[in-house]
Amino acid sequence: MDVQGALQLLKAEPSLLPAAPGIVDGEDIERRRQSEAHTCLYCGQPATTALVAAIPEAGNRWLDLCWEHFALVRQYA
Ligand SMILES: [Zn+2]
């Protein structure tokens, strides 16, 4: 699945993503980034960064990503 397709799937099924707090600041992202418990949504490598997706029906959701996929997702987000 390419990144664009995956994003569309996640918009349709936001419950696949872990819930993020309603208000997320840089510190929250930094904290999540530095915990090593997450893997990249796309490739399963250890995630090195995180984005928050604001999904209208589902609230904020975490997108844990490696650098490579972070760069790709930012092109579409
Ligand atoms: Zn990845």
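Leaving aside its neighbours within four places in sequence, which residues is Leu63 in contact with?

**View 1. The contacts of Leu63.** In this predicted model, Leu63 is in contact with Leu17, Leu41, Ala50, Leu51, Ala53 and Val73, once neighbours within four places in sequence are set aside. Leu63 also belongs to the largest nonpolar core of the chain, which is the subject of the next view.

**View 2. The largest nonpolar core.** This core has 9 residues, namely Ala20, Leu41, Tyr42, Ala47, Ala50, Trp62, Leu63, Leu65 and Val73. Strand 2, which covers residues 59–65, supplies the largest share of the core, with 3 residues. In soluble globular proteins, nonpolar side chains tend to be buried together. Across the chain as a whole, 16% of the 77 residues count as buried.

**View 3. The paired strands.** Strand 1, made up of residues 49–55, pairs with strand 2 in the antiparallel sense, and the pairing runs over 7 bridges. The two strands are joined by a hairpin, in which 3 residues lead from strand 1 to strand 2.

**View 4. The surroundings of Ile55.** Ile55 has its place in strand 1, and, when residues up to four places away in sequence are not counted, Ile55 touches Lys11, Pro14 and Arg61. Is Ile55 buried or partly exposed? Ile55 is partly exposed, because 16 other C-beta atoms lie within 10 Å, whereas a buried residue would need 20 or more.

**View 5. The whole chain, for orientation.** The chain has 3 helices and 2 strands, which follow the pattern α-α-β-β-α when read along the sequence. Taken along the principal axes, the C-alpha atoms fill a box of roughly 30 × 25 × 20 Å. The radius of gyration of the chain is 12 Å, which agrees with the value near 11 Å that a compact globule of 77 residues would have. Among the contacts in the chain with a separation of 6 or more, 49% are accounted for by residues 24 or more positions apart.

Note on methods:
Residues are numbered from 1 along each chain as its sequence is written. This is a predicted model: local features need pLDDT of at least 70, side-chain atom pairs count only at pLDDT 80 or more; totals for chains, interfaces and linings use all residues. Helices (H or I, at least four residues) and strands (E, at least two) are DSSP runs, numbered from the N terminus. The radius of gyration is taken over C-alpha atoms; the globule rule is 2.2 Å times the number of residues to the power 0.38. A residue is buried if 20 or more other C-beta atoms lie within 10 Å of its own, exposed if 12 or fewer, and partly exposed in between; C-beta atoms are placed from the backbone. Two residues are in contact if their C-beta atoms, placed from the backbone, lie within 7 Å. A nonpolar core is a set of buried Ala, Val, Leu, Ile, Met, Phe, Trp, Tyr and Cys residues joined through C-beta atoms within 7 Å. Two strands pair if DSSP finds at least two bridges between them.
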